[in-house]
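Hi everyone, thanks for making time today. Please have a look at the structure on the screen, and I'll walk you through a few parts of it.

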Amino acid sequence: MQRKGILYVISGPSGAGKGTVLAEVFKKVKDLHFSVSATNRAPRANEIDGVNYHFITDEQFDKLIEEDGLLEYVSKYGNRYGTVKSEVEKMIEECKDVVLEIETTGASNVKRMLKKRVVSIFIAPPSMAELRARLEGRASEGNSNRELRFNTSIHEMMCAYYYDYIVVNDNLNDCVEKVVNIIEGERCKVKYNRHLIKEILNKK
Ligand code: 5GP
């Protein structure tokens, strides 16, 4: 018997390095799946439709909401982002562990809905000065968007109090190692593995 899937919700301010950290984590952790969100924002130069996001139109986003196709959704930085219900439900049914890379409001909604199966991890920058420097180095964002993202990050940092884990991304390798350890550690919790005890006892 296989245990049910765990939902890892990962958040952190823009510039904390979630994307880079997650890319490394996915190389190291086996059997981990990424939930591809839907957004109506335009793809960035390096982004691929269906891999980073499902890039959809405003009308398609409205339709997804109407059809109750989103587990949660938010408007942020003038765009909309949402977790595709069918994507997450399918993976959970298939006993897969899923990563949701979503912002803090969505994270708290998912935690409220699926409490027992959700592990939330907050990736934080080492300081707000470092965060600002990282955002200023980002070519993909315009000046006003960068400022908006920085101001939002102060509120997002306050939300970190409600997460299960906080990992500071000062050194990439250390941060990745900690996130990997959290994921692997959670997988060993008895609450997800009760079936193992019976299986071991009955094994010839
Ligand atoms: P970006 O435009 O930088 O890709 O994402 C902006 C913010 O939206 C990030 O904080 C990201 O975590 C968040 N985000 C991406 N997908 C979702 C989603 O499906 N739901 C929610 N609530 N936030 C999302």
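Let me begin with a definition: two strands count as paired if DSSP finds at least two bridges between them. Please keep in mind that this is a predicted model.

With that in hand, β2 and β7 pair in the parallel sense, over 3 bridges. For example, L32 has D97 in β7 as its bridge partner. Both strands belong to an open sheet of 5 strands, in the order β2-β7-β1-β8-β9, with parallel pairing. β2 and β9 (165–168) are at the edges with a single partner strand each, so one side of each has no neighbour in the sheet. From one strand to the next, the twist averages 25°. Helix α7 packs on this sheet, touching β1, β2, β7, β8 and β9, and its direction makes about 160° with that of β9.

Now to helix α1, residues 18–28. Which of its residues are buried? They are K18, V21, L22 and V25. These cover an arc of only 95° around the axis, which means that they lie on the same side of α1. Those buried residues pack against β1, β2, β7, β8 and α7.

Finally, strand β6, residues 79–84. Here 6 of the 6 residues are buried, so the strand is largely enclosed by the rest of the structure. β6 runs antiparallel to β5, with 6 bridges joining them, and Y73 has G82 in β6 as its bridge partner. The two strands form a hairpin with 2 residues between them, and Y77 in the turn has a positive phi of about 50°. β3 is also antiparallel to β6, joined by 2 bridges; T39 is partnered there with Y81.

Technical notes: Residues are numbered from 1 along each chain as its sequence is written. This is a predicted model: local features need pLDDT of at least 70, side-chain atom pairs count only at pLDDT 80 or more; totals for chains, interfaces and linings use all residues. Side-chain values use heavy atoms; hydrogens and water are left out. Buried means under 20% relative accessible area, exposed over 50%, partly exposed in between (1.4 Å probe, protein chains only). Helices (H or I, at least four residues) and strands (E, at least two) are DSSP runs, numbered from the N terminus. The arc is that of the directions from the helix axis to the C-beta atoms. Contact means heavy atoms within 4.5 Å. Axes are lines fitted to C-alpha atoms, for helices over the stretch in contact, and angles run from 0 to 180 degrees between N-to-C directions.
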